[in-house]
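Trainee: Hi! I'm new to this one, could you walk me through it?
Mentor: Happy to, let's have a look together.

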Amino acid sequence: MRTIRVAAADLNGVPRGKRVPARFASKLLTEGTKFPYSVLNMDIWGEDIEDSPLVFETGDPDALLMPTERGFMPMPWLAAPSALLPIWMFHPDGRPYEGDPRQALARVVDRYKAAGLTPVVATEMEFFIIDDSGKTLRVPPSPRSGKRRTGAETLSLRALDAFDQFFTRLYDSCEEMDIPADTAISEAALGQFEINMMHQDDPLKAADDAWLFKMLTKGVARQFGFAASFMAKPYDVWSGSGLHMHFSLLDSEGRNVFDDGGPRGSDTLRHAVAGLTRAMPGSTLIFAPHENSYDRLVPNAHAPTGIGWAYENRTAAIRIPASGPKARRIEHRVAGGDVNPYLMIAAILGAALNGIEDAQEPPPPFEGNAYDKGLEQLPGTWSEAITAFERCDEIKRIFPQHLIDNYVMTKRQELHYMAELTDEETIELYLDTV
């Protein structure tokens, strides 16, 4: 190991950190490092938030950042032997900093522990591989054949095998970093793929894995001369990328509380669904955090637009997959690939627990095509989603007010300055950052 990176996720999920000489490794583990609080509350360009109380009003003070449970891990996409140390933010007196997205997820997990429940979480990571070397985005040529694909091939082995060297290196790197990558498939759009993560009973690690996987995939792709992007909708003519989440809940005896022995699931499952649907308008800003996110959330584009749930129906925002009783679970299908995984998992688990605590009943499940059902719609624009998030009582039960205020300021600043960008500049901004 020659160099170290320390990194934390800001509100957009962008890694913010430092490069440190390897000889200081032991000091990092015991003493951590310091960043200004404002570093976790920057806009998508990496600029301070105007009028944020974290900056000039308080003198832009330092916070303490300590290693997460993950410890050092390799960075296989770099040429020099390097280690990454994931960190998260605390006040100097040791209290968790409420504006840190990982701390927000930990707070939700603590609510589950107090209720005697353990969430079991899995994510599905969709992304595009893109040749961004020219004026227009294209699918890159296959490292095997040198040819470019001319069309999308859902579940095509040929499409996967065309990039076998890339996927082999990506899977090997996941093993090195303890990221539980499972099945890979080719998706519905040109150059689009999905890799599923194995389910696990530690939501913080599941969020870490999703965050690290995005970082790793982008790095490995550049080794092959192309980009990997989790941008929600890089192409107008193709469907966008989602980040779906599956979860179930275990009680203190290890039993799945969503299971009632039959295909419909328990009362607890329905209460969780009710919480998810009730919080969905306010949660949309978490699931669609960027201007480009709303290009994905359009009818008949394999992404939900209505607030509803159904059994074994991929047009639904909330799907209950067909499974054996012990695997009874909820799939949340709204989020795009461009989300902050910590905030996304916190929003989903927090809303589900709200519903369970209140014993809410959801609307009836629907059958058929969700786009034709006249369902209540998700906020249709970025601006509407910001307002819904700011005003939502369910969000205020999930996230600290400090984080809500910071996130709203961030998104309003981005909304203002994004209006100055052309479509090409928008793609250039989002392609690598999200």
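**Pockets, cores and a few residues**

Mentor: Let's start with the second largest pocket, whose lining has 10 charged, 6 nonpolar and 4 polar residues. Keep in mind that this is a predicted model.

Trainee: What volume does the second largest pocket have?
Mentor: About 580 Å³. Its lining is made of 20 residues, and the closest to its centre are Leu137, Pro234, Asp423, Glu424 and Ile427.

Trainee: Which helix gives the largest share of that lining?
Mentor: Helix H12, residues 423–433, which supplies 7 residues.

Trainee: OK, and how much space lies in the largest pocket?
Mentor: About 920 Å³. It is lined by 41 residues, and Glu124, Glu194, His246, Arg314 and Glu331 are the closest to its centre.

Trainee: Which elements give two or more residues to the lining there?
Mentor: Four strands do: E7 (118–130), E8 (181–186), E9 (192–197) and E11 (243–250).

Trainee: And by class, what is in the lining of the largest pocket?
Mentor: You'll find 16 polar, 13 charged and 12 nonpolar residues in it.

Trainee: Switching topic, which residues have the most contacts inside the largest nonpolar core?
Mentor: Those are Phe127, Phe166, Phe213, Phe247, Ile330, Met344 and Phe399, in a core of 116 residues. Helix H8 makes the largest share of this core, with 12 residues. Apart from it lies another core of 18 residues, including Met42, Leu65, Ile87 and Met89.

Trainee: Now helices. What should helix H11 span, and what is the distance between its end C-alpha atoms?
Mentor: H11 covers residues 401–418, so at 1.5 Å a residue its 18 residues should span 26 Å. The end C-alpha atoms are 25 Å apart, which agrees.

Trainee: Which residues are buried in H11?
Mentor: Among them are Leu403, Ile404, Tyr407, Val408 and Met418, and the buried set also includes Asn406, Lys411 and Glu414.

Trainee: What do those buried residues pack against?
Mentor: They pack against helices H2 (101–114), H6 (267–287), H8 (341–358), H9 (382–391), H10 (393–398) and H12.

Trainee: Where is the place of Asp172?
Mentor: Asp172 is in helix H4, residues 164–176. With 44% relative accessibility, Asp172 counts as partly exposed.

Trainee: Where does His302 lie, and is it buried or exposed?
Mentor: His302 lies in the loop between helix H7 (293–296) and strand E12 (309–311). His302 is exposed, because its relative accessible area is 61% and the cut-off is over 50%.

Trainee: And where does Glu312 lie?
Mentor: Glu312 lies in the loop between E12 and strand E13 (318–320). At 39% relative accessibility, Glu312 counts as partly exposed.

How values were computed: Residues numbered from 1 in each chain as written. Predicted model: local features only at pLDDT ≥ 70, side-chain atom pairs only at ≥ 80, totals over all residues. Heavy atoms only, no water. 1 Å grid on protein atoms, 1.4 Å probe; cavity = no way out; pocket = protein on both sides within 12 Å on 5 of 7 lines; lining within 4 Å. Points joined across faces, edges and corners; volume = space filled by probe spheres on them. Nonpolar A, V, L, I, M, F, W, Y, C, P; charged D, E, K, R; others polar. Expected span 1.5 Å × (residues − 1). Buried < 20%, exposed > 50% of the residue type's maximum accessible area, 1.4 Å probe, protein only. Contact = heavy atoms within 4.5 Å. Core = buried A, V, L, I, M, F, W, Y, C linked by side-chain atoms within 4.5 Å.
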